[in-house]
Amino acid sequence: MNRLRDKRVLMAVGLVAVLTLTLVLPAISPESATTNMAVFTLMYVGLATAWNIMGGYTGYISLGHAGFFGFGAYALGLLLARLSIAGGYAPFLFVPVAGLLTGLMAAGVGWFALRTRAATFVIVTIAFMFMLQLLAENLTSLTGGGAGLGFPNPPWRGDFFNIPFYYAMLALAVLGLAVSWSIRRSKFGLGLLAIRDDEDKALAVGVPARAFKLTAFVISATLVGMIGSVYGYYVTFIYPQFVVDPLIGISMVLMVFLGGLGTLWGPVLGAVILEPAQLWLAYNYGASRLYLVLYSAVFLLVILLMPRGIIPSVRDLIAERRASAPAARAGAAP
Amino acid sequence: MTLVLEAAVLGILTGGVYALMASGLTLIFGVMRIINVGHGALVILGAYLSFVLWRNLSIDPFVSLVVTMPVMFVLGVILQVVFIRPLKTDREALSVLVTYSIALGIEGLLGYFFSSNYLQITAWYDTASFPIGDFRITYVYIYGFLLCLAILGAIFLMLYRTTFGGAIRATMLNRTAAQLVGIDVDRVSAIAFGIGMATAAAGGVVFGITNTFNPGSHYDLISRLLTIIVLGGLGSLRGAIIAALVMLVIEDITAVVISPVWASFVFFVILVAVLLVRPQGLFGLRVRERL
Amino acid sequence: MRRALIATVAGACLALTACGGGGTATATPSSGTPITIGVSVSLTGDFSSDGPALQKGYDLWAADVNKKGGLLGHQVTMKYVDDASSTTQVVTNYENLISSDKVALVFGPYSSLLTKPAATRVDRLGYAFPEPAGGAPSVFALGLHSLFFVQPAAIEDNLVSYTNWLLSLPADQRPKTAAYATEDDPFTQPQVDKAKSLLEAAGVQTVSYKVYPAETTDFTPLALKVASSKADAVILGTQVPDAIAFVKTFITQHYNPKTLIETAGPDQGASYSDKLKANTEGIMVPAGWASGSQAYGNPTFVSEYVSKYGGSAADISADSAEAYSVGQVVDQAATKAGSIDNQKLIDTLHSGTYQTVQGPMGWDSVGKPQGGVGVFVEQWQNGTAVFVYPSTVAAAQPEYPKHDWQ
């Protein structure tokens, strides 16, 4: 009992420490190079966490989440343009609207895509992503097509510019984690995990699989759409091929697998490791073109050595240790 | 009207290459139940191999297949043994990530050795053409199409006329049962992956003659190939071939009749429409398993 | 615990507001110290064939300026980072170059596409942004005071010389019909659209007009469409790969338009002519720069390029000349301002005229080139691209109608 409480306290303290650190980071290191990297890292923390709600909990692998990311970005960009909202803090108020629109679209896509399972589902999500990309490209009068869509220019100058975006991304990442955490603890979450283990069996014991899957899909897409909309405002100019980018979709998946599929903190860990590494590698070694090789080699190694991701593998390792020395542990506990 | 016919002919000719590439992909899926996201990158690798043989040793791109197909076969077997076979849990998802990583690695290496300039394999006869009415067809398209037909024919012969082909078909039908009747499923998988790579090499040559390519070309290619094999029904060779031809014909007709910007879109719309009616694709597994 | 947390957060917020007012102060290096100039170039991805050409131009300029004692006495080192032709990376790159590497100056990347997100970043951080390749109307629509497009004209006007030439032909020889195809790209489409409206206004009938996505790799159906229109004039909004593919299909279809112009591709020297050999004959391209031009510093640039990278003058990409011009402009502005402080450079560049290998130019308040001599028409003749129009700069007579394919 005691040990459990100790562990809880320890975790709470750790959580508060991490949160405090992320809250004050821009004060410690206000250079825009650092905050820029932090914005992208937090963006992927949010994206991976959101993807995990669908992919990790239900086992349905979507490689098309970049479509929702881009949809969110275009939704916000178009809203701001149509309503003539000037740059500043006001556009952030429309982020939830962009998320909601993305969720609506995802409900339609999901209704259709979730008729398929496994490999077919994976490919259908890819096809949807490319359809959205093509629409963004072809509906020129609406989206601007290949010439891109501009966002209002915020009035902030210098290093301060990145900071509002940093907190927006942080808020979305925390929101994603809170949603993910509460789903895991709910009956709904149990249903999702049952679907992942064996969908037919889950159906047999009365889990409304279709409704559950669709709900998870929509929640996941809504979060991704909101994050995409902040990204669009941040880079100020979006293009179909860069905002509906298959690489963004696959990056979220890689991060979740690296950290631990279906765990709460796995996606966070994966994002915090991979995104800075990728930005740094591309910046310092991009010119040699070998960074892709390096990236792929590291990834292959991780998958082959820790196919379940870092968190589950480490947890197993600790459990093994503990099992081998139970007496010593019990003695040490106060 | 003639323009539509021209587009249809062109669609069939280019569809042949896609049929070849997609059949390798669907074969790999059928035998191993994995999606080889790296297939596009391996096709591009095949194109670069032929490009090098042509540029440095002046070997005709079609003749170079004598070298590149066996090389890619061996590479395929090695990739399967080293990277795919060790996957035990979550194979479907992990294989996507592994093959994607392989694709990135290949893209990086090709970029390192060749830079990212667009290339095209150009044979001396590549602008030679013959007329059909008002319209001229390039010989290269015909050669490419015939080559694809020949290789597809060889694959069908192998599958339906040899003992090893029987083992492959049995594995595709039911992996566990095949294992029970004494088929070495691991060996079948490795060789099937090798065959898939050899077809990628052949597809690469034809793709490299008719399209410009650079190390990043595989993204576009793989999205089309995946759409084709899902439309045809995962694991169905016949489905992949028919789907490839249908898709390319419709795409090329859309390009000339409506607009090129909508051509690829129609590609995906057809996929969605077919899946609405038949979630298993045109010649999907569900049907075949019932037979 | 909670109180401590609140206190920390409040402190952080205070600190933030304190930083907020400041912004990055661009420190001016004291004279004589070496400086670094940062550029994000596309070495991988869609623009990876133009990135290296840009790099060569910048490198040549840096070598030149160092030989004559540096930029206002500062020896120059170029720092290149790859943006993989992606907007996320190009933003990250300029942030890093300026705020982490603390480079003294930054130069522009390749294409309007990447220039737009990069320019807003650079502007915010108080740097001048002379750039060689972002000239789409939407770039100037950003309204940035720190941006300078170093080409003789905004790109939408690139084909104006060409249409003037076509319409100057005797009425019985002038093309009656025209076919257009363009990539959906902020660089190509505005040029083609403007040419189309000018020609239509003058009575040249449009028989085909197609816009195609930038990702297209198989251009045959499109080229067939153009060929089957049997138009007298063909105007293509291309980059390098499609520029070659279209011509190849025209050759196989034995389609011989009277005149053919491509927005980019034929200006890329050997990387274009290698693929088409003798069939480049008669193909036109709008160009602000020609290897044979006697503009400021151009003969030196050409001879140095050839001695450093080999090949012949005809192999030089216009991208390299445009990048070289960026350096020339900055050099003159620094001398005039007596400083390499970014704010002073911005103010200086907004007044007066600057000499480049592409001829003289100046800028309006949003960086649109003014007072340049404009963009000319270049035509491949006997294996080299030469200026053929207007006659004030022409090195040869335009060949019209274009010879049949060989």
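In chain A, the axes of helix α3 (residues 65-82) and helix α5 (residues 95-113) come within 9 Å and cross at roughly 130°. The model is predicted, and the mean pLDDT of chain A is 88.

**The α3(A)–α5(A) pair**

- Two packed helices are described by the angle between their axes and the distance between the axes.
- At roughly 130°, α3(A) and α5(A) are therefore oblique to each other.
- The crossing in which α3(A) passes α5(A) is right-handed.
- On the α3(A) side, the residues that meet α5(A) are F68(A), F71(A), G72(A), A75(A), L76(A) and L79(A).
- Their counterparts in α5(A) are V95(A), V97(A), A98(A), G99(A), L101(A), T102(A), M105(A) and A106(A).
- By class, the residues of this helix contact comprise 11 nonpolar, three polar and no charged.

**Confidence in chain A**

- In chain A, 95% of the residues reach a pLDDT of 70 or more.
- Where pLDDT is low, the predicted coordinates should not be read in detail.

**The contact between chains C and A**

- Chain C contributes 44 residues to the contact and chain A contributes 36 residues.
- Four elements of chain C, namely α1 (2-22), β2 (76-82), α3 (87-100) and α4 (112-124), each supply at least two residues of the side that touches chain A.
- Of these, α3(C) gives the largest share of that side, with 10 residues.
- The side of chain C that touches chain A is made up of 19 nonpolar, 18 polar and seven charged residues.

**Chain C as a whole**

- Chain C has 13 helices and 14 strands.
- Among its 406 residues, 60% count as buried.
- Of the contacts in chain C with a separation of 6 or more, 69% join residues 24 or more positions apart.

**K68(C)**

- K68(C) is placed in the loop between α2 (51-67) and β2 of chain C.
- K68(C) counts as exposed because it has 8 C-beta neighbours inside 10 Å, where the cut-off for exposed is 12 or fewer.
- A separation of 27 Å lies between the C-alpha atoms of K68(C) and G288(C), which are 220 residues apart along the chain.

Note on methods. Residues are numbered from 1 along each chain as its sequence is written. Chains are lettered from A and ligands numbered from 1 in the order in which they are written. This is a predicted model: local features need pLDDT of at least 70, side-chain atom pairs count only at pLDDT 80 or more; totals for chains, interfaces and linings use all residues. A residue is buried if 20 or more other C-beta atoms lie within 10 Å of its own, exposed if 12 or fewer, and partly exposed in between; C-beta atoms are placed from the backbone. Two residues are in contact if their C-beta atoms, placed from the backbone, lie within 7 Å. pLDDT is the predictor's confidence in each residue, from 0 to 100. Ala, Val, Leu, Ile, Met, Phe, Trp, Tyr, Cys and Pro count as nonpolar, Asp, Glu, Lys and Arg as charged, and the others, Gly among them, as polar. Axes are lines fitted to C-alpha atoms, for helices over the stretch in contact, and angles run from 0 to 180 degrees between N-to-C directions. Angles under 35 degrees count as roughly parallel, over 145 as roughly antiparallel, 65 to 115 as roughly perpendicular and the rest as oblique. A crossing is left-handed if the near helix is turned anticlockwise from the far one by less than a right angle, and right-handed if clockwise.
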